[in-house]
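Student: Could you take me slowly through one part of this model, looking closely at a single residue and then at what else is described around the chain?

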Amino acid sequence: MSLISFEEQLHRWRHELHSNPETGFEEITTAEYIAQQLKNMGLDVYTGIGGTGIVANLTVGNNPTVIGLRADMDALNITETTGKSYCSKNHGKMHACGHDGHMSMLLGAAKLLTENRDFNGTVRFVFQPAEEHGRGAKAMMSEGLLERFPIDEFYGVHNWPGLPAGNICTRVGGIMASEDNFTIKIKGKGTHAARPHMGKDPLVIAAEIILALQTIISRNLDPSTPAVISCTEIHTDGIRNAIPSNVVITGDTRSYSPDVQAMLENRMRTICESICKMHDAECEFEYTHEFSPTVNHVTCVNTAVKAAINIVGESKVDANVQAMMASEDFGAFIEKVPGCFAFIGNGVEEDGKGFIPLHNSNYDINDDILSVGAQYFAEIIRTRLPL
């Protein structure tokens with residue numbers, strides 16, 4: 001098998017997947033396509049796990065250790081504007097986060113490992129649905145993923161625009177943050193805009209709450225501990241000449257540890273309820289945990305770094321990359337199983353205009369990094385399960 005033919009196969013897989021994007025838990029055609037490719041390789045394939053999730057198994061030799069490799073499958077509700085020949089055929093949906101590339105990388109790793117069988121142990125190729133909204137990993141685990149298919153260590157990747165193409169970056173500890181969502185409902189008393197003294201203005205209350213929330217991190221956390229509180233939407237039932245009765249504030253928080261998550265929730269609840277009480281208004285505070293923080297385990301990072309150096313060379317590997325405040329559903333897996341998540345650079349320039357960010361209607365993962373990802377995944381197996 002020549003490298004050129006292998007790269008061409010990766011491109012064909014990726015372009016086919018890119019053309020047929022499906023969003024979370026709707027990846028039916030995607031799953032059928034992936035399962036068929038895996039069966040064509042002679043793998044033991046299981047489907048329908050957590051909705052549309054897939055597990056394919058390959059055992060070589062007698063080492064009892066089991067290593068999991070994961071790719072996410074879902075697209076986004078975005079209308080594609082790339083104009084590529086293989087652009088989305090499903091209007092309003094596109095692979096704007098590069099999951100088409102991740103699936104192709106994992107298929108490539110499966111091809112390399114099934115053809116060469118140069119390891120001793122078991123590898124599980126896990127294709128996960130619904131990563132974008134933080135539901136897929138829990139869905140797979142709730143349907144017995146780890147009981148039916150035990151995994152000793154788990155590895156995943158994400159392409160990352162803004163990093164040099166083909167560079168591999170990771171770190172010990174928190175690499176991607178949790179995401180918790182909140183909704184603050186304020187019930188005041190509406191009135192004519194000319195007679196504010198007759199009501200209880202929930203907009204003024206909301207303004208006080210939004211500003212007060214920003215003191216939680218600055219005055220309750222050690223400055224070296226990262227966290228973010230963002231109010232992102234505000235809705236009212238008012239009109240131009242009427243003060244509303246109701247205001248709803250929504251947003252999210254990001255952090256890296258359960259202790260910080262708990263502190264944020266408790267302090268936010270106290271501030272919201274107290275400010276509303278001060279103004280004789282009613283308050284409802286809702287706080288939900290959407291994404292677990294992605295916290296890498298030191299021994300798995302060591303394996304990942306060694307594998308990365310073997311593939312791209314030491315100069316293209318960063319073993320202590322800056323942690324990101326974005327969230328990743330893979331974190332739910334490695335709360336249960338030791339693992340490591342890494343970034344593969346997608347490039348820093350595009351036509352001399354800088355890089356296109358993730359979740360942009362013009363995003364298209366760099367085909368040149370697919371082989372890097374596939375070889376990196378395969379090298380993790382060779383490194384962790386040597387002959």
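Tutor: Let us begin with T170, which counts as buried because its relative accessibility is 3%, where buried means under 20% relative accessible area, exposed over 50% and partly exposed in between, with a 1.4 Å probe and protein chains only. This is a predicted model, in which local features need pLDDT of at least 70 and side-chain atom pairs count only at pLDDT 80 or more, while totals for chains, interfaces and linings use all residues. Residues are numbered from 1 along each chain as its sequence is written, and side-chain values use heavy atoms, with hydrogens and water left out.

T170 lies in the loop between strand 6 (168-169) and strand 7 (173-176), strands being DSSP runs of E with at least two residues and helices runs of H or I with at least four, numbered from the N terminus. Its side chain makes a polar contact with the side chain of N296 at 3.1 Å; such a contact is a pair of N or O atoms within 3.5 Å, and within protein one must be able to donate a hydrogen and the other to accept it, while residues adjacent in sequence count only if both atoms are side-chain atoms. Leaving aside neighbours within four places in sequence, T170 is also in contact (heavy atoms within 4.5 Å) with residues including I175, V301, V305, D318 and F341.

Turning to the nonpolar core, a set of buried Ala, Val, Leu, Ile, Met, Phe, Trp, Tyr and Cys residues joined through side-chain atoms within 4.5 Å, the largest one has 58 residues, and L38 is among those with the most contacts inside it. Not counting residues up to four places away in sequence, L38 touches L43, V45, I54, A56, L107, A110 and F127.
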